[in-house]
Amino acid sequence: MAKSREEFFAEADILSLHLPLNKDTRGIVTRDDLARMKPTALLVNPSRAGLIAKDALADALRAGRPGMAAVDVYEEEPVIGADHPLVKMDNVTCTPHLGYVTRESYEEYYAVVIEDILALRRRQT
């Protein structure tokens with residue numbers, strides 16, 4: 001177990017962020033934190049881009065610390081035309097932020113809509 005924040009980032013092989021974005025967590029991962037990471041480390045961010053200081057991840061990856069990243073969140077979404085620095089980097093795996101997209105979730109969303117339409121129709125007749 002790391003004895004300090006600095007040691008935590010310096011020793012991490014894989015760091016996966018799973019935090020909500022709010023006033024206390026915005027920028028919680030700093031440029032200095034990223035610079036401490038190993039060149040072999042992987043940073044995964046499926047939560048919110050704002051957890052990492054603005055532009056810090058792309059700069060850190062260019063510097064080789066961490067060595068790799070996997071993200072599905074960006075400062076501005078959606079990313080149109082691959083116009084984001086992370087998308088252009090060979091050491092980053094980028095996907096759209098679609099973790100909520102499952103067959104079950106869509107069936108649930110649309111079932112509610114259909115029920116609402118049917119209820120409205122019943123009230124009109």
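Start by selecting Phe 8: at 39% relative accessibility, Phe 8 counts as partly exposed. Here buried means under 20% relative accessible area, exposed over 50%, and partly exposed in between (1.4 Å probe, protein chains only). The model is predicted, so local features need pLDDT of at least 70, side-chain atom pairs count only at pLDDT 80 or more, and totals for chains, interfaces and linings use all residues. Residues are numbered from 1 along each chain as its sequence is written, and side-chain values use heavy atoms, with hydrogens and water left out.

At 5% relative accessibility, Phe 9 counts as buried. A search of the whole structure finds 1 aromatic pair. The ring centres of Phe 8 and Phe 9 are 5.2 Å apart and the planes lie at 90°, so the pair is edge-to-face. Rings of Phe, Tyr and Trp (its six-membered ring) pair if their centres lie within 6.5 Å; planes under 30 degrees apart are stacked, over 60 edge-to-face, and the rest tilted.

Next, the largest nonpolar core. It has 21 residues, of which Leu 34, Ile 52, Leu 57 and Leu 86 touch the most other members. The elements giving two or more residues to this core are helix H3 (56-63) and strand S3 (68-71). H3 gives the largest share, 5 residues. A nonpolar core is a set of buried Ala, Val, Leu, Ile, Met, Phe, Trp, Tyr and Cys residues joined through side-chain atoms within 4.5 Å. Helices (H or I, at least four residues) and strands (E, at least two) are DSSP runs, numbered from the N terminus.

Stay on H3. Ala 56, Leu 57, Ala 58, Ala 60 and Leu 61 are buried there. The cover over the buried residues of H3 includes helix H2 (31-36), S2, S3 and strand S4 (92-94). Which residues does Leu 57 touch, not counting those up to four places away in sequence? Show Leu 34, Leu 43, Ile 52, Ala 69, Val 71 and Leu 86. Contact means heavy atoms within 4.5 Å. After H3 comes Gly 64, whose phi is positive, near 90°.

Now pick Asn 45, in strand S2 (residues 42-45). Asn 45 is buried, with a relative accessible area of 2%. The Asn 45 side chain reaches the backbone nitrogen of Ser 47 at 3.0 Å. Beyond four places in sequence, the residues that Asn 45 touches include Leu 17, Leu 51, Ile 52 and Asp 72.

Finish at Glu 104, in helix H4 (residues 103-124). At 55% relative accessibility, Glu 104 counts as exposed.

Conventions:
Polar contact = N/O pair within 3.5 Å; in protein donor to acceptor, adjacent residues only side chain to side chain.
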